[in-house]
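Got your viewer open and a selection tool ready? Let's take a walk through this chain together, one stop after another.

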Amino acid sequence: MRLLKVATCNLNQWAMDFDCNMKNIKESISRAKEAGAVIRLGPELEITGYGCEDHFLELDTVNHAWDCLKELLLGDWTNGILCSFGMPVIKGSERYNCQVLCLDRKILMIRPKMWLANDGNYRELRWFTAWKQKEHLEDFLLPIDISEALSQTVVPFGYGYIQFLDTAVAAEVCEELFSPMPPHAELSLNGVEVFMNASGSHHQLRKLDLRLRAFIGATHTRGGVYMYSNHQGCDGGRLYYDGCSCIVVNGDVVAQGSQFSLKDVEMAVAQVDLDAVCSIPVY
Ligand SMILES: NC(=O)CC[C@H](N)C(=O)O
């Protein structure tokens, strides 16, 4: 049996409140570690808060996010646990909405969002560029102070997955799951068994049902562990994010956080058997 313990969370982040957001992020990592998890997933743009709106256009917002990431990487937070942190990253002259995957005080890869949310209440195209170069990973040169502090200069940037000795893990950023060509389909054919979806999804009547159907659909035929993390509560804007972070294995929901809690940090943890993923019967 290949047993893996994974942790995801609902975080009550606030736009531009870096101190509060860091406190919640650290608490979620501590609790994931206490539970024995080796993967910790947080929500989309968790370091800055999801609803920073035009503050995303200010360089300072992105620089502060790097300072926070540096603090997390210089401490022992990422020791022995793969962490996905949500933050904006500027590459060239474009700003991307990213999941930054870190382990053992190093950045393993930066995964920019490929399908941005731009309908209903979402206006991500105003602040971010969608990553379209699917064919290859590019080198991303870390900002000088980060690179000096971490003794790491270059990070793979783009669409891909991380191959560990016993399994492969990939990010799928929120809206991508609901796109006409969700990356998880192709990734699972490449052997990815664990998907980490960092999300910023506000409450809307019956939307939870749509989400659950998407997680179940993503894993019930090919097999897979689908981790979903969401914000919970308000964040300074006009939306209420309704949590419900969860873990789905081969089409079954095995852990789920609450929808309307007032807690700042809520964890959903599960021990999963990866052998059950690769041996799912083909119908
Ligand atoms: N942040 C997003 O990508 C939002 C995606 C999707 N529309 C949702 O509400 O869940």
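This is a predicted model: local features need pLDDT of at least 70, side-chain atom pairs count only at pLDDT 80 or more; totals for chains, interfaces and linings use all residues.

Begin by selecting residues 4–274, which an unreviewed UniProt entry annotates as "domain: CN hydrolase". Over that range the chain is 23% helix and 33% strand, and the end C-alpha atoms lie 7 Å apart.

**Helix H1.** Next, pick residues 18–34. Colour the buried positions, among them Phe18, Met22, Ile25, Ile29 and Ala32. Now show what covers the buried residues of H1: the list includes strand E1 (3–11), helix H2 (59–74) and strand E15 (265–273). After the helix, stop at Gly36, whose phi is positive, near 90 degrees.

**The largest nonpolar core.** Select Trp66, Leu69, Ile107 and Ile110, which touch the most other members of this 56-residue core. H2 supplies its largest share, 7 residues. A second, separate core has 23 residues, including Ile39, Leu103, Ile162 and Met196. Nonpolar side chains tend to be buried together in soluble globular proteins.

**Cys102.** Which strand holds Cys102? Cys102 sits in strand E4 (residues 94–103). Cys102 counts as buried because its relative accessibility is 0%. Beyond its sequence neighbours up to four places away, Cys102 touches residues including Leu69, Leu73, Phe85 and Ile107.

**Charged pairs.** How many salt bridges are there to look for? The count comes to 14. Start with Lys26 and Glu71, whose closest N and O atoms are 2.4 Å apart. This pair links helix H1 to helix H2 across 45 residues of chain.

Move on to Glu186 and Lys134, with closest N and O atoms 3.0 Å apart. Glu186 is in helix H4 (residues 183–189) and Lys134 in the loop between strands E5 and E6, so the pair ties together parts 52 residues apart in sequence.

Then select Asp242 and Arg211, where the closest N and O atoms are 2.6 Å apart. Asp242 belongs to strand E12 and Arg211 to helix H5, so this pair joins parts 31 residues apart in sequence. Are these two buried or exposed? Both Asp242 and Arg211 are buried. Finish at Arg2, Glu193 and Asp275, which salt bridges with shared partners join into one network.

Key. Residues are numbered from 1 along each chain as its sequence is written. Side-chain values use heavy atoms; hydrogens and water are left out. Buried means under 20% relative accessible area, exposed over 50%, partly exposed in between (1.4 Å probe, protein chains only). Helices (H or I, at least four residues) and strands (E, at least two) are DSSP runs, numbered from the N terminus. Contact means heavy atoms within 4.5 Å. UniProt positions are given in the numbering used here, feature names are shortened, and annotations may be inferred rather than shown by experiment. A nonpolar core is a set of buried Ala, Val, Leu, Ile, Met, Phe, Trp, Tyr and Cys residues joined through side-chain atoms within 4.5 Å. A salt bridge is a side-chain nitrogen of Lys or Arg within 4 Å of a carboxyl oxygen of Asp or Glu.
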